Amino acid sequence: MNNTFDNREGWIWMNGSFVPWKNATSHIINQGLHYASAVFEGERAYNGKIFKSKEHTDRLFKSAEILGINIPFSKEEINKAKDALLKKMNYLNCYVRPIVWRGSAQMGLATNNADIHVAIAVWDDWASYFKIEDRLEGLKLITSPWKRPSPETAPSNAKASGPYVICTMSKEYAEKKGYHDALMLDYRNYVAEGTGANIFFIKKNEIHTPIPDCFLNGITRQVVIGMVQNQGFNLVEKYILPNEIKNYDEAFLTGTAAEITPIKSIDDINYVTGKNTISYKLMNDFTDLVNSSL
Ligand SMILES: Cc1ncc(COP(=O)(O)O)c(C=O)c1O
């Protein structure tokens, strides 16, 4: 473990300036760590340009607003900081992680005196979130016992750190059983998403995806919806029951980290994968799209 995330060379943008990677620390007594008082983003740069950078910054500010956090920088400052960091780290293709958290000024759940911190880090070793051979063959998913909570129970429109613990538990459940990822149902038992990505199903010219009313309406999801509509598919957002997913031919995940990744199976249901499938073509179309949006 010599390339752990706290032991790297380079720079992190933190609270308005660049600090050496290893010095970008925060005291362990802070509200972000103890009470998940934090929001973050996940973005990707292709050919030196962050894909949908403004949209990600807008979501970061929206997430913060939902948690009552007032980010002490403007959106423009964050956008500039991301671009400057990319240049300083000399990356063309990398993952971008802005994070905002309540610090150490006070403990307990009151936030009236909370100090707000913002940091941005970039790394280039998530070239593929899933292994490239798994992406080509398709992922094996298992249904998680953990559900996405109702929007009255968790801030589902925010990319907030708190609810991610459900995703971590689901991912661990799946990996321990030999699967790549988990399918998460929601509190009503509708199909929701993967642990860190949205889900789509294909049947001939129909592409269906769950309605994002209790989970993140991913930026990739929105891009992919536009892309498949442009290609003439009939895209339908609908509530999907677990016993309906056997009726589809193909399935795939979408997300900044996952991009488009075909699914080979969910529990004992198998989907078609491989070079002659629609999802394989969409995976390549998406790569072309992000690389051409300069
Ligand atoms: C739980 C969850 N759902 C969906 C997504 C997809 O969102 P996006 O396409 O904006 O990355 C992500 C990734 O960030 C995620 O973590």
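# Salt bridges, core and ring contacts in a predicted model

The side chains of Glu 172 and Lys 176 form a salt bridge with an N to O distance of 3.7 Å, a salt bridge being a side-chain nitrogen of Lys or Arg within 4 Å of a carboxyl oxygen of Asp or Glu. Because Glu 172 and Lys 176 are four residues apart in helix α5 (residues 164-176), about one helical turn separates them. Helices (H or I, at least four residues) and strands (E, at least two) are DSSP runs, numbered from the N terminus. Glu 172 is partly exposed at 44% relative accessibility, whereas Lys 176 is exposed at 69%; buried means under 20% relative accessible area, exposed over 50%, and partly exposed in between (1.4 Å probe, protein chains only).

The model is predicted, so local features need pLDDT of at least 70 and side-chain atom pairs count only at pLDDT 80 or more, while totals for chains, interfaces and linings use all residues. Residues are numbered from 1 along each chain as its sequence is written, and side-chain values use heavy atoms, with hydrogens and water left out.

Across the whole structure, 16 salt bridges are found. One of them joins the side chains of Arg 8 and Asp 125 at 2.8 Å, N to O. This pair links distant parts of the chain, with Arg 8 in the segment before β1 and Asp 125 in the loop between β7 and α4 (132-137), 117 residues apart. Arg 8 is buried at 10% relative accessibility, and Asp 125 is partly exposed at 35%. Another salt bridge brings together Arg 59 and Glu 41 at 2.7 Å, N to O. Here Arg 59 belongs to helix α2 and Glu 41 to the loop between β3 and β4 (43-46), 18 residues apart; both residues are buried.

Helix α2 also holds His 56, which is buried at 2% relative accessibility. Leaving aside residues up to four places away in sequence, His 56 touches Glu 41, Gly 42, Glu 43, Phe 51, Lys 82, Ile 219 and Thr 256, where contact means heavy atoms within 4.5 Å.

The largest nonpolar core has 35 residues, and Trp 13, Ile 71 and Val 122 have the most contacts inside it. Such a core is a set of buried Ala, Val, Leu, Ile, Met, Phe, Trp, Tyr and Cys residues joined through side-chain atoms within 4.5 Å. Strand β7 gives the most to this core, with six residues. Domain 1 (11-123) and domain 2 (132-292) both give residues to this core, so it lies between them; the domain bounds come from an automatic or database domain assignment.

Aromatic contacts complete the picture. Rings of Phe, Tyr and Trp (its six-membered ring) pair if their centres lie within 6.5 Å, with planes under 30 degrees apart counted as stacked, over 60 as edge-to-face and the rest as tilted. By this rule there are ten aromatic pairs. Phe 5 and Trp 123 form an edge-to-face pair, 4.9 Å centre to centre with 70° between the planes. Phe 5 lies in the segment before β1 and Trp 123 in strand β7, 118 residues apart. Phe 5 is partly exposed at 40%, while Trp 123 is buried at 8%. Phe 5, Tyr 95 and Trp 123 form one aromatic cluster.
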